[in-house]
Amino acid sequence: MELSGAEIVVQALKDEGVEIIFGYPGGSVLHIYDALFQQDDIHHVLVRHEQGATHAADGYARSTGKPGVVLVTSGPGATNAITGIATAHLDSIPMVVLTGQVPSALIGTDAFQEVDTTGISRPCSKHTFLVKRVEDLAETMRKAFYIATTGRPGPVVVDIPKDITDPTVKIPYEYPRNLKMRSYSPVKKGHLGQIKKAVELIYNAKRPIIYSGGGVVIDNASGSLIDLARELGIPVTSTLMGLGAYPASDSQFLGMLGMHGNYEANMAMHEADVLIAIGARFDDRVTGHIAHFCPQAKIIHIDIDPSSISKNVRVDIPIVGSVKDVLNDMLRIIRESGREIDNDGLTSWWERIEAWRGLGCLCYEQSDEVIKPQFAIETLYKVTGGDLYLTSDVGQHQMFAAQFYKFDKPRRWINSGGLGTMGFGLPAAMGVQMAHPDKPVACVTGEASILMCIQELATCKQHGLPIKIMLMNNGYMGMVRQWQEMFYEGRYSHSYVDALPDFVELTKSFGHVGMRVTKPSDLEAAMQEAFDRKDELVFLDIVIDPTENVYPMIKAGKGHHEMAMSPALKQGDQR
Amino acid sequence: MKRHIISLLMENEAGALSNVSALFSARGFNIESLCVAPTDDPSLSRMTLVTTCSETVFEQITKQLNKLIDVVKLMDLSEGDHIEREMMLIKVRAEKEMREEIKRLAEIFRGKIIDVSDNSYVIEMTGDTDKLDAFVHVIPEDHVIEVVRTGVSGIARGVKSLTL
């Protein structure tokens, strides 16, 4: 088979099993777009801004586990994609981003729409390639997919100069299926000796806890985690990224940990004697002040990425390997040993945990007058019966969703945890909806976040994506306002978004359904109507209490045991 | 804080060197010298890198380097017996009585004078970093015109090696 460079790009995507790509055309990728035009296997989703393309591909990847693919042009096309690439990088999301580049002969001349794409994307991607010869194109495509999807996944950028895709130059094509790279061979199996040591430590633990992260979701290890936790009967807490890997409605689940985590989860971390960290990376939003982090615990850390181990916190038993493989090995060793776990010790541990849980740290003051954001998420959970793909933007609404929506399955909670990218929610929901056309998909957002990628409402119209947008409209950048209230004596510097658009009319102008709800008593019916309109995008402008804060909270410099609790909790209940 | 010499093999490809240097700046790692050239296998480059840091930071440096896709293999030379060398080309003012004095100093340090003009020498010298520093210090400051150093390159003693 003889193909041009442009045809090689398209054929390689087919050979990788790619069905959907997200992109935006421009001068340097016109040859590739022409090749796309002449085939029907790959569905191209035209976005309205390249940031939207990367977030959509990211949402697609998070909700399926398959790599997301992006195609954008050189210069501004590539720079617009950077935020989405960095977002995927920090959350270890497999993505292949194809960027056009000016013709090879013009590289370095400050040509029209030229930018050093590999240079800009290097620090925020897993790897970058600049294709120098059309003969290297097929192998580079294979390498990009291989690197993006194996080991600790991440975005890979392939920068393709226009002359490489010249339709008049045809070369023989064969896709290199069995690729071997001497410089890249991610481990899979964990070291058995280390795993045995970890099991021994767990058997001797009096107050163990599992701290589960996004790696469990990424490695499809949810089943193994559930089996292990149930086998041992020990508590599980999760990071923001790991929500859904362990069912939130299960009694062994303590909720999210960290800055806005549950009191019982953070207290259990503080008091634990053995911490089992699984596919988590001890992020500063999780640990609080490092000096106060798990002061009594021996730490077992399972992660595919050796550089995550002992980066922020020294660990006692590191296990490098695929989370799923290591958990399965652990389970096998435990089951084969036939040893009983010390139930007496665990009983008193669970008693303490239940006492912390009894505090009800997520309580808030309900109102008949104004919709509380917590109540809005609770209502969303009720209306959807927990069966929902929920994407989020960044801010208070993200934390409320993480606290109040009980995710029982992995890959259902889609949010930018690492980079904290406002504008992520709507385009990510497009990717999710493209991947799951028949499933309910909602995006919880704020009026500040949604405006950052609002143009994608046009993409939703063009591709018929019936996303439900749940706008928590408090007229503020809520999280910024909360910090200014707490740490800047209420000086609300530029956190008030005056001159907001009428979101209902705005949505209608894009050809969608817009609705507004202001009374708590109307909320459930409004949400129900939104989800009943199965084939339409519904934008629900939910006017919420402008002054609600996210609690509980670990403030800067504090440890897990020093949480600030909601004023809604009675004074006497606070520690 | 300890001085480490990392010897590493990486793919001889465009961007590989940038990946390494960008890593050091992005993560705030200190880098003292960096010396890189293709090996006998032209598809591979060897880099020798000197850094001074704590053990915790050094662990991160090696892990992060290993994580780079282009890096094939690396070792910490300073962990075992090793030889390190650096080459220096130093241009010095050599006039009147100093002509003889500088020639003598160069001989003591086993340097070679490889260029001579009416009023200057270029001296080639190899050795470890301390030796080269010492030589620069014995030349009166106003006589030093230019110093060009390669950065440290090194190899392990005995049969131990960093090869594919």
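Student: So a polar contact is a pair of N or O atoms within 3.5 Å; within protein, one must be able to donate a hydrogen and the other to accept it, and residues adjacent in sequence count only if both atoms are side-chain atoms. How many residue pairs in polar contact does the rule find across the interface of domain 1 of chain B and domain 2 of chain B?

Tutor: Two, with both residues of each pair at pLDDT 80 or more. Keep in mind that this is a predicted model.

Student: Which residue forms a salt bridge with Glu84(B)?

Tutor: That is Arg3(B), and the closest N and O atoms of the pair are 2.8 Å apart.

Student: New topic: how many residues does the contact take from chain B and from chain A?

Tutor: Chain B gives 21 residues and chain A gives 17. The area buried between the two chains is about 1,500 Å², with 48% of it from carbon and sulfur atoms.

Student: And how many salt bridges does the rule find there?

Tutor: Four, across the interface of chain B and chain A. Glu11(B) forms a salt bridge with Arg182(A), with the closest N and O atoms 2.8 Å apart.

Student: Which elements of chain B touch chain A with two or more residues?

Tutor: Helix H1 (16-26), helix H2 (55-67) and strand S4 (71-76) of chain B. H2(B) supplies the largest share of that side, six residues. By class, the chain B side has eight nonpolar, seven polar and six charged residues.

Student: OK, on to chain A. What domains does the assignment give?

Tutor: Domain 1 (2-172), domain 2 (192-358) and domain 3 (373-543) of chain A. The C-alpha centres of domain 1 and domain 3 of chain A lie 29 Å apart.

Student: How do domain 1 and domain 3 of chain A meet?

Tutor: 26 residues of domain 1 are in contact with 27 residues of domain 3. The area buried between these two domains of chain A is about 2,000 Å², and carbon and sulfur atoms give 65% of it. In domain 1, Arg48(A), Arg62(A) and Ser63(A) lose the most area to domain 3, together 29% of what that side buries.

Student: What about salt bridges and polar contacts there?

Tutor: The count is zero salt bridges between domain 1 and domain 3 of chain A, and 11 residue pairs in polar contact. Strand S2 (20-23), strand S3 (43-46), helix H3 (50-64) and helix H4 (76-90) of chain A each supply at least two residues of the domain 1 side that touches domain 3. H3(A) gives the most to that side, with 11 residues.

Technical notes. Residues numbered from 1 in each chain as written. Chains lettered and ligands numbered in written order. Predicted model: local features only at pLDDT ≥ 70, side-chain atom pairs only at ≥ 80, totals over all residues. Heavy atoms only, no water. Salt bridge = Lys/Arg side-chain N within 4 Å of Asp/Glu carboxyl O. Contact = heavy atoms within 4.5 Å. Buried area = accessible area lost by both parts, 1.4 Å probe. Helix = DSSP H or I, 4+ residues; strand = E, 2+ residues; numbered from the N terminus. Nonpolar A, V, L, I, M, F, W, Y, C, P; charged D, E, K, R; others polar. Domains from an automatic or database assignment.
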